[in-house]
Amino acid sequence: MAIQWFPGHMHKSRKAIKEILPIIDLIIEVLDARIPYSSENPMIDEICGEKKRIKVLTKSDLADPELTSCWINYYKNKHQITTQAVTTEKPDQIRQLSQLCHKLVPQNNNQHKTLNVMIMGIPNVGKSTLINTLAGKSIAKTGNEPAITKGLQKIKLDDGIMLFDTPGMLWPKVENEKSGYRLATTGAIKDTAISHDDVAFFAVDYLLKTYPERLAERFSLAEIPATEIEFLEIAGTKRGCLGRGGRVDIERISTLLLNELRSGQLGQITLETPEMMEQELIDVEKQKAEKAKKEEERKQQRKNKK
Ligand SMILES: Nc1nc2c(ncn2[C@@H]2O[C@H](COP(=O)(O)OP(=O)(O)O)[C@@H](O)[C@H]2O)c(=O)[nH]1
Ligand SMILES: [Mg+2]
């Protein structure tokens, strides 16, 4: 799978962020609770340096509560980062983030200073929704399609906080192919970037292993199918996704399955765990080393020919 869905602009965003960073007291890193690892922006660590930071896991209504707890504990115990899961279903809980920000940035003698808080995260994780809920009114544009927020926005909250929306775009991880598929599964990546059946195969493979009972229940299956294609054939027949000659239209059932998964109709599902992440980070490093080694060998061969 090619992973070049994202145009450049990264350099511009980095520059714009670095310009306002000196006045920022705290960063809210916004992540999708279903994919806390894959919805990271690889640059945030580097841009933020030693700045105070909290992680907010959005859309927790769609994520597996048990795994959300795992992630929160992981960040707390392994990285000492305060992490809060939120959902638009509980706006009060979102508004409590203001108090958390104040608690984390002690104001020594200056009790009345406004806290400057920057919201950072990849497109479509719910940054604008978060800002609107914190502000108690609709200021930032939200949308199902990624990449809506463009310029820098500053929003003054009642409780001594100035919110800064991320200027420019921050792209998700593209090094790990699995992350790419997970981003596509949740809909964070535009539908046109990869074909639906390719993404659906990935999703079904994971669901068959991790949440087989959900598939069985949703599609009234007597038995759990052994393979992705077997599942899609059965599910497609049940839902009447048939094409010419009565054969299952894989693209159609794939689209239907992804829509149901994204809207929570398959229940609360998380697509990755801290353990999976740690293993994949090792795998990615190995792949990179192998690639570098091959490149070196090729260079050597070329030299020898001369
Ligand atoms: N189910 C659910 N959807 C949410 C939640 N927060 C945001 N969304 C949806 O996620 C999509 C992207 O949100 P948006 O705020 O525009 O993301 P941004 O690109 O990061 O600013 C929108 O369709 C929101 O309605 C949530 O807590 N639960
Ligand atoms: Mg936005």
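Reader: Before helices get compared, what are the axes, and between which directions do the angles run?
Author: Axes are lines fitted to C-alpha atoms, for helices over the stretch in contact, and the angles run from 0 to 180 degrees between N-to-C directions. The model here is a predicted one.

Reader: OK. At what angle do helix 8 and helix 10 pack?
Author: Helix 8, residues 196-210, and helix 10, residues 228-238, pack at about 100 degrees, and their axes are 9 Å apart. Angles of 65 to 115 degrees count as roughly perpendicular, so helix 8 is roughly perpendicular to helix 10.

Reader: Which residues make that contact?
Author: Helix 8 contributes Phe-201, Val-204, Asp-205 and Leu-208, while helix 10 contributes Glu-228, Ile-229, Phe-231 and Leu-232.

Reader: And by class, how many are nonpolar, polar or charged?
Author: The contact of helix 8 with helix 10 has 6 nonpolar and 2 charged residues, with no polar ones.

Reader: Let me zoom out. How many helices and strands does the protein chain have?
Author: The protein chain has 12 helices and 6 strands. Its C-alpha trace spans about 75 × 65 × 35 Å along the principal axes.

Reader: What share of the residues is buried?
Author: Of the 306 residues in the protein chain, 46% are buried. The accessible surface of the chain is about 16,400 Å², and carbon and sulfur atoms account for 50% of that surface.

Reader: How is the chain divided?
Author: There are two parts: domain 1 covers 11-165 and domain 2 covers 174-297. Their C-alpha centres are 28 Å apart. The contact between them takes 23 residues from domain 1 and 25 residues from domain 2.

Reader: What about contacts along the chain, how many join residues at least 24 apart?
Author: Counting contacts between residues at least 6 apart in sequence, 69% join residues at least 24 apart.

Reader: Back to helices. Where is Leu-257 found?
Author: Leu-257 is in helix 11, which runs over residues 250-262.

Reader: Is Leu-257 buried or exposed?
Author: Leu-257 is buried, because its relative accessible area is 0% and anything under 20% counts as buried.

Reader: Which residues does Leu-257 touch?
Author: Leaving out residues up to four places away in sequence, Leu-257 touches Val-204, Leu-215, Phe-219, Phe-231 and Leu-266.

Reader: How far is Leu-257 from Pro-274?
Author: The two are 17 residues apart in sequence, and their C-alpha atoms are 26 Å apart in space.

Reader: How do helix 7 and helix 11 cross?
Author: The axes of helix 7, residues 177-186, and helix 11 come within 8 Å and cross at roughly 80 degrees. That value makes helix 7 roughly perpendicular to helix 11. Ala-184, Thr-185 and Thr-186 of helix 7 meet Leu-258, Leu-261 and Arg-262 of helix 11. By class, this contact has 3 nonpolar, 2 polar and 1 charged residues.

Reader: And helix 7 with helix 8, at what angle do they pack?
Author: Helix 7 and helix 8 pack at about 100 degrees, with axes 9 Å apart. Helix 7 is therefore roughly perpendicular to helix 8. From helix 7 the contact uses Lys-178, Tyr-181, Arg-182, Ala-184 and Thr-185, and from helix 8 it uses Asp-198, Val-199, Phe-202 and Ala-203. The classes there are 5 nonpolar, 1 polar and 3 charged.

Reader: New topic, phi angles. What is the phi of Lys-59?
Author: Lys-59 has a positive phi of about 55 degrees, although it is not a glycine. Lys-59 sits in the loop between strand 2 (52-58) and helix 3 (65-79). With a relative accessible area of 23%, Lys-59 is partly exposed.

Reader: What about Ser-220, where is it found?
Author: Ser-220 is in the loop between helix 9 (212-218) and helix 10. Ser-220 is not a glycine either, and has a positive phi of about 45 degrees. Its relative accessibility is 53%, so Ser-220 counts as exposed.

Reader: Last one: Met-169, buried or exposed?
Author: Met-169 is buried, at 11% relative accessible area. Met-169 lies in the loop between strand 6 (161-165) and helix 7. Met-169 and Ile-250 are 81 residues apart along the chain, and 34 Å separates their C-alpha atoms.

Notes:
Residues numbered from 1 in each chain as written. Chains lettered and ligands numbered in written order. Predicted model: local features only at pLDDT ≥ 70, side-chain atom pairs only at ≥ 80, totals over all residues. Heavy atoms only, no water. Helix = DSSP H or I, 4+ residues; strand = E, 2+ residues; numbered from the N terminus. Parallel < 35°, antiparallel > 145°, perpendicular 65-115°, else oblique. Contact = heavy atoms within 4.5 Å. Nonpolar A, V, L, I, M, F, W, Y, C, P; charged D, E, K, R; others polar. Buried < 20%, exposed > 50% of the residue type's maximum accessible area, 1.4 Å probe, protein only. Areas by Shrake-Rupley, 256 points an atom, 1.4 Å probe, with all protein chains shown as cover. Domains from an automatic or database assignment.
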